[in-house]
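Here is a briefing on one protein chain. Keep the sequence and the model in view while reading.

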Amino acid sequence: MATSASARLQEPRPPASDGMNAADGPDGRSRFVRNAWYIAAWADDVTRSAPLGRTLLNEPLVLWRTEDGIPVALEDRCCHRHVPLSLGRITGRTLQCGYHGLEFDATGQCVKIPGQARIPPGAHVPAFPAVERHRWIWVWMGDPGRADPGQIPDYRWLDSPDWTAPVGEFHLKAHYQLLVDNLLDFSHLQFVHRRTIGTDAIADIPSSTERCENRLEITRWIMDSPPPPLFDRAYGGFGGNVDRWMNCSYTAPSSVTFDIGCALAGTGAPEGDRSQGIEIRSLHGITPETDRTTLYFWGYARNFRLDDDALTELLAKGASATFAEDVEVLAEQQAMLDRSGRTGFVDIGGDSAGLLARRLVAAQLAAETGAC
Ligand code: FES
Ligand SMILES: [Fe+2]
């Protein structure tokens, strides 16, 4: 993206990393960017019939819908005696605590107390802006005055009629930035994903990274090489080498989408002709749950053979198996970081984009705390 606000970087020298998460505070607790939209749940999981408890940025939330279908996010803590509201029930326009029956409206205001007419001052729970978009419920945990739905990251492939996408969710036992590191690092594909999307050609191919405000655009082409097994099956057999692209878009703090695919070698894919190949949008929604756990949402969208259920199942299994490989490695990495208590990473070229991403997050955190 060659704008005046962008900087084009070719295999940038990695900024030094001390091994700490960029968002770790001096007390060892994570500091998360608050002025950002985070995915709290799949929209289908937030209903009018039963509240859903979730934790975002170490804070308990309860998600529910009013009788009008409007999604609501409140602190999951009754102001009376701090019982989780997610144990209660939805009564049309209110959420009723399951302990003594206090009822809260969509703004978090207590509007009814069984057995008394007077509502005491302070009888409310915090409410957070919530928006349904791209099949997810997004929640803003920061300054409500800055909650602009126009800033919700673009995942339009999940609900476009021109695309179809199997989707899934993992509960990752690792800090969310380890997952961002992982997704922005192409070099692990050859090793972690050998059975799914990895091929021997990947690790030696350089990538190109552009920075534009709070985004990174990373591109990589692998020319005239064997197709990855999953893509080969999805296409129905290329019968020869392919030109393969892996374009990644990162929006700080935690949105990652990929434009990936391959086409028969020499048929013009780098110039924009993808007619002899397939393209996929690999979509990753990452939400910090706690200091050491992450809500990991994914989708794997395609714009070809939309009604082919067998292909949907093949890609769903392939994508899920691929991402599960990352989830497994990252949990082991987090466990070792915690067990050893040691900081200090040795950075290599493949870490460049991840390190730049951490700088973007650090800048967002500094802006929130007025430290820049
Ligand atoms: S704890 Fe919720 S009504 Fe008493
Ligand atoms: Fe991976």
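Of the 372 residues in the chain, 39% count as buried. Buried takes 20 or more other C-beta atoms within 10 Å of the residue's own, exposed takes 12 or fewer, and partly exposed lies in between; C-beta atoms are placed from the backbone. This is a predicted model: local features need pLDDT of at least 70, side-chain atom pairs count only at pLDDT 80 or more, and totals for chains, interfaces and linings use all residues. Residues are numbered from 1 along each chain as its sequence is written, while chains are lettered from A and ligands numbered from 1 in the order in which they are written.

**Overall make-up**

- The chain has five helices and 20 strands. Helices (H or I, at least four residues) and strands (E, at least two) are DSSP runs, numbered from the N terminus.
- Among contacts with a separation of 6 or more, 59% join residues 24 or more positions apart. A contact means that two C-beta atoms, placed from the backbone, lie within 7 Å.

**Helix H1 and Leu179**

- Leu179 sits in helix H1, residues 176-184.
- Leu179 counts as buried because it has 24 C-beta neighbours inside 10 Å.
- Beyond its neighbours within four places in sequence, Leu179 contacts Leu172, Ala174, Ile286, Thr294, Tyr296 and Leu330.
- Ser254 is 75 residues from Leu179 in sequence, yet their C-alpha atoms are 9.0 Å apart.

**H1 against H5**

- H1 packs on helix H5 (residues 352-369) at about 140°, and the axes are 7 Å apart. Axes are lines fitted to C-alpha atoms, for helices over the stretch in contact; angles run from 0 to 180 degrees between N-to-C directions.
- H1 and H5 are therefore oblique to each other. Angles under 35 degrees count as roughly parallel, over 145 as roughly antiparallel, 65 to 115 as roughly perpendicular and the rest as oblique.
- From H1, Gln177, Val180, Asp181 and Leu184 meet Ala353, Gly354, Ala357 and Arg358 of H5.
- The residues of this H1–H5 contact divide into four nonpolar, two polar and two charged. Ala, Val, Leu, Ile, Met, Phe, Trp, Tyr, Cys and Pro count as nonpolar, Asp, Glu, Lys and Arg as charged, and the others, Gly among them, as polar.

**Strand S19 and its partners**

- In strand S19 (residues 277-290), 12 of the 14 residues are buried.
- Strand S18 (residues 255-264) pairs with S19 in the antiparallel sense over nine bridges. Pairing requires at least two DSSP bridges between two strands.
- Gly277 in S19 is the bridge partner of Ala263.
- S19 also pairs antiparallel with strand S20 (residues 293-302), over 10 bridges. Here Leu283 is bridged to Gly299 in S20.
- A hairpin of two residues links S19 to S20.

**Two open sheets**

- Four strands make an open antiparallel sheet in the order S6-S7-S8-S9. Strand S6 (89-91) and strand S9 (110-112) stand at the edges with a single partner strand each, so one side of each lacks a neighbour in the sheet.
- S6 and strand S7 (residues 94-96) pair over three bridges, and Ile90 has Leu95 in S7 as its bridge partner.
- Three strands form an open sheet, S2-S12-S11, with antiparallel pairing. Strand S2 (37-42) and strand S11 (130-133) are at the edges, each with a single partner strand, so one side of each is left without a neighbour in the sheet. The twist averages 35° from one strand to the next.
- S2 and strand S12 (residues 136-140) pair over five bridges. Ile39 has Trp138 in S12 as its bridge partner.
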